[in-house]
Amino acid sequence: MEDLLAGALAELGLIAAWEEVIAPTLHAVGRKWASAGERYVEVEHLLSWYVSSALHRMRPATRPLPAPPVLLACAPGEEHTLPMEALTAALGERALPVRMFGAALPPDALREAVRRTGPRAVVLWAQSRTTADASLARSVAGIEWGPRGARGRSALLLAGPGWGAGSPAGPPHPRTERLFGLRSGLAVIEAVAAGRPPATAAGRAEPGACGS
């Protein structure tokens, strides 16, 4: 499995390997587990571990750009991290400073991290509707940071199927954008980092392309 993942990443590059190989395989394993019950869960765990390991082995650019970081976190209660790990690796390749906080970050910790780091953008992942917390999204989008007289705000970018159509979260704040897939999501983040409006950055892809 290590060799297959390393070969796909080397041959295709991170984005294509994620969209064409890794994410479809994760989806297929998830469907198999859903139909086979607990008998197949060990395969999903095994695959997820090796995908995570392969993503962590990818080295970021040696000289990050002199810009505020992009903060990545999973919503409280959310344990699915692989899409955010892929995004972390992709941002690192592009020399964009990134802070990845992983799974199930508590609300107060997320808000304090935003205030302390003053990120250009915050990406909040929710895999399911049960973890898509609209009140948290609104509060994060409304945070101001920096010294009095020079206050700033971060763009909030919502990622994952939990924020999709029919979600009880709804549109949480005017400064909030949805991300649809790794490739187009990167374009949005790069636009935000360059000071351009997020909505002009990229067309939408299928939400499922962003991860498992």
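The model is predicted, so local features need pLDDT of at least 70, side-chain atom pairs count only at pLDDT 80 or more, and totals for chains, interfaces and linings use all residues. Residues are numbered from 1 along each chain as its sequence is written, and side-chain values use heavy atoms, with hydrogens and water left out.

The protein contains 7 helices and 7 strands. Along the sequence the order is α-α-α-β-α-β-α-β-α-β-β-β-β-α. Of the 212 residues, 46% count as buried. Buried means under 20% relative accessible area, exposed means over 50%, and partly exposed lies in between (1.4 Å probe, protein chains only). Contact means heavy atoms within 4.5 Å. Among contacts with a separation of 6 or more, 72% join residues 24 or more positions apart.

Helix 3 covers residues 41-56. Its 16 residues should span 22 Å at 1.5 Å a residue, and its end C-alpha atoms are 23 Å apart, which agrees. The expected span is 1.5 Å times one less than the number of residues. The buried residues of helix 3 are Val41, Glu44, Leu47, Val51, Ser52, Ser53, Ala54 and Leu55.

Glutamate 44 belongs to helix 3. At 18% relative accessibility, glutamate 44 counts as buried. Neighbours within four places in sequence aside, glutamate 44 is in contact with Val29, Gly30 and Trp33. Its C-alpha atom lies 9.6 Å from that of histidine 27, which is 17 residues away in sequence.

Helix 1 (residues 2-12) packs with helix 3 at an angle of about 45°, and the two axes are 10 Å apart. That angle makes helix 1 oblique to helix 3. Glu2, Leu5 and Leu9 of helix 1 make the contact with Tyr50, Val51 and Ala54 of helix 3. By class, these residues divide into 5 nonpolar, no polar and 1 charged. The crossing of helix 1 and helix 3 is right-handed. Axes are lines fitted to C-alpha atoms, for helices over the stretch in contact, and angles run from 0 to 180 degrees between N-to-C directions. Angles under 35 degrees count as roughly parallel, over 145 as roughly antiparallel, 65 to 115 as roughly perpendicular and the rest as oblique. A crossing is right-handed if the near helix is turned clockwise from the far one by less than a right angle, and left-handed if anticlockwise. Ala, Val, Leu, Ile, Met, Phe, Trp, Tyr, Cys and Pro count as nonpolar, Asp, Glu, Lys and Arg as charged, and the others, Gly among them, as polar.

Helix 7 covers residues 182-193. Just after helix 7, glycine 195 takes a positive phi of about 85°.

The axes of helix 4 (residues 82-93) and helix 7 come within 11 Å and cross at roughly 50°. Helix 4 is therefore oblique to helix 7. The crossing is right-handed. Ala86, Leu87, Ala90 and Leu91 of helix 4 meet Leu182, Leu186 and Ile189 of helix 7 in the contact. This contact has 7 nonpolar, no polar and no charged residues.

Backbone angles are also of interest in the loops. Most residues other than glycine have a negative phi. Alanine 95 is not a glycine, yet its phi is positive, about 65°. This residue sits in the loop between helix 4 and strand 2 (98-100). Alanine 95 is buried, with a relative accessible area of 11%. Alanine 104 also has a positive phi, near 50°. Its place is the loop between strand 2 and helix 5 (107-117). With a relative accessible area of 25%, alanine 104 is partly exposed.

Glycine 142 lies in the loop between helix 6 (134-141) and strand 4 (144-145). At 31% relative accessibility, glycine 142 counts as partly exposed. Its C-alpha atom is separated by 9.9 Å from that of threonine 176, 34 residues apart along the chain.

Terms used. Helices (H or I, at least four residues) and strands (E, at least two) are DSSP runs, numbered from the N terminus.
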